[in-house]
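Dear colleague,

Please find the structure below, followed by a summary of what was found in it.

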Amino acid sequence: MKNLDIRLAALDETLVQRVRMAANALVTHRMHARVAAWDGTRCDLVVVAAEDLYGERVRQIAAGRGTPVLTLGGDGESVLPHHIPRRLANIATIVRILHDLAVEVVPVAAQPGRARETPKDSEGSCALVRLASQPDLARADIEASIDGLTVWLMPGLGRVLGADAASLREAAARLGSGGWTFRRLSPGEPLPAAAVASQSLEVFYLKGAWAARDELPHYPPGACRLAAWPDLGTAADIVEALQVVKALRRVGGDVRSIAEDAGIPMRETAACLWAFSAAGLVERAPDVPWPQPARTRGREKEGLLKRLARHFGLDRGPLRIAHT
Amino acid sequence: MAVADADAMLAKLVLTGPVGAGKTTAIRSLTDQAPVSTEMPLSEGATEDKSTTTVALDFSSTVLEDGTTLLVYGVPGQDRFAFMRPIILRDALGVAVVLSALDPDVAGQCGYWLREILADDPTMPVVIGITHTDRLPSFNMSPIRAVVNDLGAEVPVFTFDARDREQAFHLVRALLLIA
């Protein structure tokens with residue numbers, strides 16, 4: 001059985017599902033495929049979306065490494081060597097092309113000294129993953145730039161600064177992609193005059209992670225918890241993050257147990273964890289039992305709390321207000 | 001209806017904090033109606049944005065789908081009305097402390113209000129909501145977090161816009177999750 005590591009970038013939900021089903025079907029060719037979001041590390045095959053800037057960026061990186069790339073989607077013909085337009089991107093066709101590409105692959109995991117890499121501080125890596133994977137980087141005040149857009153990440157203040165609200169929104173939307181340049185600010189270095197708008201750093205990372213949740217890699221295994229409540233006051237549209245915070249504060253654990261406790265899908269839970277890690281708020285200590293925050297109220301108000309939760313929109317996902 | 005049943009259909013939420021932080025505005029966002037206020041002209045410190053202050057309390061209410069009535073109180077910030085706070089806080093589901101980022105001693109205010117509330121009831125769920133950060137790009141959250149950590153309390157600290165209904169709701173969501 002040949003083991004393959006396939007990564008996806010910029011595909012929409014429909015195409016992701018088709019690729020996953022096609023990858024499963026490779027077992028009939030004695031190939032076992034693991035499918036995950038692109039995280040900038042080496043893999044055996046990459047599937048990217050056509051006519052998408054992020055997809056094109058990933059395609060270039062993969063091609064530069066000699067990694068086979070399948071491009072999906074788009075309406076027209078292209079000069080790319082392995083491209084399936086959306087109208088032809090049925091599962092059978094995807095299986096066939098994946099198989100054709102895979103037969104020539106020597107899996108990364110089978111290459112001497114080439115076990116799966118952990119994310120590195122390279123410009124090709126997703127900005128969120130770079131920050132989350134390097135605590136010293138996450139704690140530093142940083143000038144972050146991409147394609148002429150600059151924001152200042154200030155964990156010391158708990159804020160991100162930019163020229164205006166629109167630039168902060170645009171920067172957040174691009175946090176899931178590579179290509180960012182980070183420059184550590186010197187101690188005492190004054191903020192530039194352009195930094196006239198600010199927002200919560202945790203909300204900034206959460207918005208970015210949420211937008212890129214389909215593309216973010218699996219969150220690393222091991223137990224974790226939150227050192228402090230993130231400032232999520234202006235992320236009122238991502239109610240799920242509050243449930244994840246509650247689970248992280250209450251029980252801690254790995255991403256799966258957090259997802260189960262919060263009643264939130266793994267992908268969304270992982271997005272929150274990447275965001276909180278980038279903000280330097282996640283503590284990892286798998287063997288230490290977490291102190292439980294004091295239970296403040298008794299069960300007698302549980303019914304009332306549930307009704308209020310419903311009124312205030314806390315039950316958009318599964319209602320998780322009940323005490324344990 | 002029995003007294004216990006009647007109690008189960010009432011919920012009390014309290015907003016408190018110093019003068020001018022945005023309590024009355026937040027209550028309006030939470031209940032979709034202007035609170036009944038006892039406001040008087042500010043004797044000093046009046047600005048274009050803020051010319052009156054609540055001298056006794058704000059009150060508003062809203063009825064949930066199931067008929068539960070949510071009572072929302074705004075407790076005045078002036079020290080001379082401090083005697084009223086424990087009376088109004090009694091049986092509250094939780095307290096939202098509303099502070100202004102423009103206050104040079106916002107961290108000190110945070111500590112003061114947390115101690116005031118928790119001294120009366122150490123199990124009272126509390127959230128901190130900080131307003132006006134849009135007017136202070138250099139706002140620093142760290143001293144406020146340090147105060148909360150020093151007190152060892154499970155207290156979410158959110159920046160929010162008191163005029164924004166969803167953000168005011170979000171503050172209450174956090175309160176419900178720790179209640």
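A crossing is called left-handed if the near helix is turned anticlockwise from the far one by less than a right angle, and right-handed if clockwise. Helices (H or I, at least four residues) and strands (E, at least two) are DSSP runs, numbered from the N terminus.

The model is predicted: local features need pLDDT of at least 70, side-chain atom pairs count only at pLDDT 80 or more, and totals for chains, interfaces and linings use all residues. Residues are numbered from 1 along each chain as its sequence is written, and chains are lettered from A and ligands numbered from 1 in the order in which they are written.

The crossing of α8(A) and α9(A) is right-handed. On the α8(A) side, the contact (C-beta atoms, placed from the backbone, within 7 Å) is made by A:Gln243, A:Val244, A:Lys246, A:Ala247 and A:Leu248; α9(A) contributes A:Ile258, A:Asp261 and A:Ala262.

In α1(A), the buried residues (20 or more other C-beta atoms within 10 Å of the residue's own; exposed means 12 or fewer, partly exposed in between) are A:Leu15, A:Arg18, A:Val19, A:Ala22 and A:Ala23. These buried residues pack against β1, β2, β3, β4 and α3 of chain A. The face turned away from the buried side carries the exposed residues A:Glu13, A:Thr14 and A:Gln17.

Between the chains, 36 residues of chain B are in contact with 37 residues of chain A. On the chain B side, α5, β7 and α6 each give two or more residues, and the largest share, eleven residues, comes from α6(B).

Yours sincerely

How values were computed: Two residues are in contact if their C-beta atoms, placed from the backbone, lie within 7 Å.
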